[in-house]
Every structure is written in C-alpha cells, then in structure tokens.
Amino acid sequence: MFNKLKSAMTGTSSAPATAQVMVRVGGEDLPMTRQGAFYVYRTDQGGQAFIHDIAVRNGVLNDDLTGYVMRYRAGGLALYRGIPRWHATWHDVNGAGLMNPLGRGNAPDFDTHNTSFIPFSPDEGVARSAAVATTGMGERDRIEYVNGYSRSNGQFFIGLLATVVAGPSQDVAFFNGSEIQLRGPVRGFDTEHFRMSTDVMEALRGRAGDPPEPLSETRPPTPDEDQKRNFARQHGGLLP
C-alpha cells in the first residue's frame, strides 16, 4: 500500500514496460509496441507509425497497408486531403498555408475532434471527391450557405486538394487503404483549387472531360434571401 501511494505521489510506476512485439512488414520484421488499438513503430528519424490492429493478423501487416508503410519509411508517402469550401479549416489552409487538427488528443482516432491527427488518403481520387462535396456531417456543412455562394459566379471556390509527402521524421497513423492520418499541424503542402467553372472530371479525376462540364452544373441551387435568413437564424450566420 505504501509503495502504491509513493508511486502515485512521485509519478513513478512499478508496472512493467510495454512488451515489444515483432510485426512483419513486407519481408522485414519490425519491432513495435502496443498502444491501445495500435501497434507503434518508432523510426530512427524520430517519427512514429501507428498501425491499427485491424490491419495486423498473426503478426503480419496486411497487403493494403504494407506498401504505404514501406514508402513512409523511405520518405516518399504521398498523401492527399480534400477540403471543401464549407469546412472549418478552409481559411487557414487556403489563406495561411496551415492545416490545423480539430482536436488535441495524442493518439489517432477516427473521430478527428478527439485527436491531433488529421485525416488524409493515399488515394487521390478519394480526396478529390471530398474536396468538391456539397455537404458534410454537420447540419451547417452546406456549400450553398457559404457567404457569397452563387452558381453563376465562375470564380467562386468550391474546394481544394492538398498534397503532402510524409516520411519517417513524422507521426503517421495507418488505418486502411483509404485513410491515413498525419499529426498536425501540417505545413509545406501543395494545393490545387476548384472553382465553379472547373470541369467536373478535371476536379474528380485530374483530367478534363469530353465534353467538359462545369462544377456549377452539379451544385445546389443558389438559395434565396429568405432561405439565407432562415439558415443564419438557425446556425448563427452564413458560413464565412
């Protein structure tokens, strides 16, 4: 009892250190520790790879993630994030070149309000689709209620695609083949912007359609003044 009380007061613990396990990644066995739902691999460059345990079976990382982990270790993991115009981080990303997390937790989490990790995808197509999404999970996440929205304004921003290359000096969380998270804040990313006048296929696939079709043709109608007032009354204003 005395030893337990002493440990609590001094911040020390008599609990054994987390046991090391070996996980096969490609043709190599990598030493990792367990942290909650993750296997954690610490690189020589100071980064940490958090690998969700659903991707590991019998000590072997699945094929969906093996190539991405290997690229991360080599310093060449390309990740993409689509940010629509209504998203809370739009202004920081577009104006300041800074991508901040929505939460502060140290461990990765699918609920990004609980973590300092930011969701990306290794699949560019997934991120492109997210960039031009007209709605989100929140009731106020609607492109047509962004201040200044008009389908007739060809220069109005719809969203952007951010691209970053991650390497072993960074903390990266591997969930599955469509979501990989990067600890924020994130800087040094490239961006591609999409406007009302951008061709649909150029936004979604990176190459123009034949014939081209502007994104404006697939956007919600421009709300009238009564609709804008009702939205502002319910949600505290139009989206900035």
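Trainee: Hi! Which strands does helix 4 lie across?
Mentor: In this predicted model, helix 4 (residues 124-131) lies across strand 7, strand 9 and strand 12, and runs at about 15° to strand 7. Helices (H or I, at least four residues) and strands (E, at least two) are DSSP runs numbered from the N terminus. Angles go from 0 to 180 degrees between N-to-C directions, using axes fitted to C-alpha atoms, for helices over the stretch in contact; contact means heavy atoms within 4.5 Å.

Trainee: And in what order do the three strands sit in the sheet?
Mentor: The order is 7-9-12, in an open sheet with antiparallel pairing. Strands 7 and 12 are the edges, each pairing on one side only. Two strands pair if DSSP finds at least two bridges between them.

Trainee: How many bridges join strand 7 to strand 9?
Mentor: Eight, with Leu 77 opposite Ala 166 and Tyr 80 partnered with Thr 163. Six bridges join strand 9 to strand 12, where Gly 159 has Phe 194 as its partner.

Trainee: Is strand 9 mostly covered or uncovered?
Mentor: Mostly covered: seven of its ten residues are buried, meaning under 20% relative accessible area with a 1.4 Å probe, protein chains only (exposed is over 50%, partly exposed in between).

Trainee: New topic: what's the mean pLDDT?
Mentor: The mean is 92, and 93% of residues reach 70 or more; pLDDT is the predictor's confidence in each residue, from 0 to 100. Over residues 1-16 it is below 50. Where pLDDT is low, the predicted coordinates should not be read in detail.

Trainee: What are the ground rules for numbering and confidence?
Mentor: Residues are numbered from 1 along each chain as its sequence is written, and side-chain values use heavy atoms, without hydrogens and water. Local features need pLDDT of at least 70 and side-chain atom pairs 80 or more, while totals for chains, interfaces and linings use all residues.
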